[in-house]
Amino acid sequence: MSEQTIRFDDGAAYEQMMGIWSRLAGSIFLDWLAPPKALRWIDVGCGNGAFTELLVERCAPVEVQGIDPSEGQLAFARTRPSARLAEFRLGDAMSLPFPADWFDAAIMALVLVFVPEPAKGLAEMVRVVRPGGIVATYMWDMPGGGFPLEPLLIGMRAMGLNAPRPPQREASRRDAMLDLWRGSGLEDIETREITVHRTFADFDDWWRTSLKSPSLGPTISALSAADADTLKSGVRARLPADSDGRITYEARANAIKGRLPT
């Protein structure tokens, strides 16, 4: 499949398509981290602030910095209630604009596969975190079929259709994450699987929401009416509805955490 650049520029569309999924997984992720209050956090690849909002709501931080390469996403993030505490700024995951040892915790939420060089992005997170601090991430298990839009991908592959995919999707495997974290010098490394479910009013709700994807949506919109109908019918068959017509779908992420040596 093509690995052309995927751009996330529409914060409102991202909120409907992925922000809700992100918070579902992020809540479990934060329960697992069980961080103390009053920490300094950096949210690398904060996007539209979906996970940043959770940090502010649940972790009572003294500082939160959100970094993302998309001004469109950041503009949406600044409209959130979390903006009263969090600062959102343009930046590159592989060159964080902060001094060494500044933060208590560095997090990537659904970002790792989009970093061109995951090891370099992780090294930057390690650099800006103090000794004893936390470095962690969670990412949909893309090779393992855990991505929320996997039914669309299956349907497109069956029709011989290509769509842009993240450049480093293999980095979302649990063993790949372990290799990265161990290679970075982190200690007390742990992993876990996060499984979440989201319910849609009906199949059309699921379909409309999924087409907001900046990678798959444009590809599907460019199809002929006949091909689009064929794809839609095939995907519908993979997503059985309950007696009220609702669609409940499962997504699965891998998570990892470690600490800097003291």
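Which residues in H7 meet which residues in H9? The model is predicted; local features need pLDDT of at least 70, side-chain atom pairs count only at pLDDT 80 or more, and totals for chains, interfaces and linings use all residues. Residues are numbered from 1 along each chain as its sequence is written, and side-chain values use heavy atoms, without hydrogens or water.

**View 1. Helix H7 against H9.** Phe203, Asp204, Trp206 and Trp207 in H7 meet Leu231, Lys232, Val235 and Arg236 in H9 (contact: heavy atoms within 4.5 Å). By class, this contact has 5 nonpolar, no polar and 3 charged residues. H7 spans residues 203-210; its axis and that of H9 are 11 Å apart, at about 120 degrees. Helices are DSSP runs (H or I, at least four residues), numbered from the N terminus. Axes are fitted to C-alpha atoms over the stretch in contact, with angles from 0 to 180 degrees between N-to-C directions.

**View 2. Helix H5 against H9.** The axes of H5 (residues 150-158) and H9 (residues 225-238) come within 9 Å and cross at roughly 130 degrees. Pro151, Leu152, Ile154, Gly155, Met156 and Ala158 of H5 make the contact with Leu231, Val235 and Arg238 of H9.

**View 3. An aromatic cluster.** Ring pairs link Phe29, Trp32, Phe51 and Tyr138 (ring centres within 6.5 Å, using the six-membered ring of Trp). Lys257 lies over the face of Trp32, 4.4 Å from the ring centre (NZ of Lys or CZ of Arg within 6 Å of the centre and within 35 degrees of the ring normal).

**View 4. Arg40 and Trp102.** The charged end of Arg40 sits over the Trp102 ring, 4.6 Å from its centre.

Key:
Helices (H or I, at least four residues) and strands (E, at least two) are DSSP runs, numbered from the N terminus. Rings of Phe, Tyr and Trp (its six-membered ring) pair if their centres lie within 6.5 Å; planes under 30 degrees apart count as stacked, over 60 as edge-to-face and the rest as tilted. Ala, Val, Leu, Ile, Met, Phe, Trp, Tyr, Cys and Pro count as nonpolar, Asp, Glu, Lys and Arg as charged, and the others, Gly among them, as polar.
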